[in-house]
Amino acid sequence: MTFRSKTAWFFGWAWLVFVAVNTVDLVVRGSLPSALVVGAVLGFVTWMTYFLALRPATITEQGGVRVRNPFRTAYLPWSAIDDVTVTSAITITAGDLTVRCWTPMPTARERAKSLRQQNRQVRRGRYPTSEPTLTKGERAAHEAMAGRTHADWVADEIRELATTRKGESTGEPTVTWAIDSLAVTAALLVLLVAAVLAL
């Protein structure tokens, strides 16, 4: 299963469509050097969009979890995972290796919204005369859910999979450079140099 910001992913692809249409327009009707300068600006924003919206993902697989951050990809077998915590990001610890997931990120706004929803009084009927009394189980569930974000749910999912599939996976954690990220960065640099030389 792939966990990422669906909003960022949608707007990232919408931006790529916008860039494709504008690139065709620049090739057909543009003139040097202004077309290269506009192309360099579009290229820079596309580069940022790729790194912040399209590439980051946390992917649970049969043998482990793959964390795609902007420039690196980490693969952590279930058997190697020691701990999963959530602070300003989901952090997965495997021995001496600590991997921070770029997505999903818990935000203070999301956490505050979750707390507000949990703290709302439950009203029954059109004109409630008193606040309903929660059972012990309902109070415990209410407290356990208070302030939880999407990142907390994803961390729980990773924790549970690491526990249930620990015996089914083997191997060592690996962290590799992302070839696609390096290629996109190299293409941007070529475009920027071409735009500067054309001025």
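**View A. Strands β5 and β6, joined by four bridges.** In this predicted model, β5 (residues 83-86) and β6 run antiparallel, with four bridges holding the pair together. Look for Val86 here: it stands opposite Ile90 in β6. The two strands make a hairpin, and three residues sit between them.

**View B. Strand β6 meets β7.** On to the pairing of β6 with β7 (residues 97-101), which is antiparallel and takes in five bridges. Ile90 turns up again, this time opposite Cys101 in β7. This is a hairpin too, with two residues between the strands. Gly95 is the one to check in this hairpin, as its phi is positive, near 65°.

**View C. A mostly covered strand, β6.** Here's β6 on its own, spanning residues 90-94. How many of its five residues are buried? Four of them are, so the strand counts as mostly covered, with buried taken as under 20% relative accessible area.

**View D. The open sheet of five strands.** Read across the sheet and the order goes β1-β2-β3-β4-β8, with the strands paired antiparallel. Which strands lie at the edges? Those are β1 (2-3) and β8 (174-177), and each has a pairing on one side only.

Note on methods:
Residues are numbered from 1 along each chain as its sequence is written. This is a predicted model: local features need pLDDT of at least 70, side-chain atom pairs count only at pLDDT 80 or more; totals for chains, interfaces and linings use all residues. Side-chain values use heavy atoms; hydrogens and water are left out. Two strands pair if DSSP finds at least two bridges between them. Buried means under 20% relative accessible area, exposed over 50%, partly exposed in between (1.4 Å probe, protein chains only).
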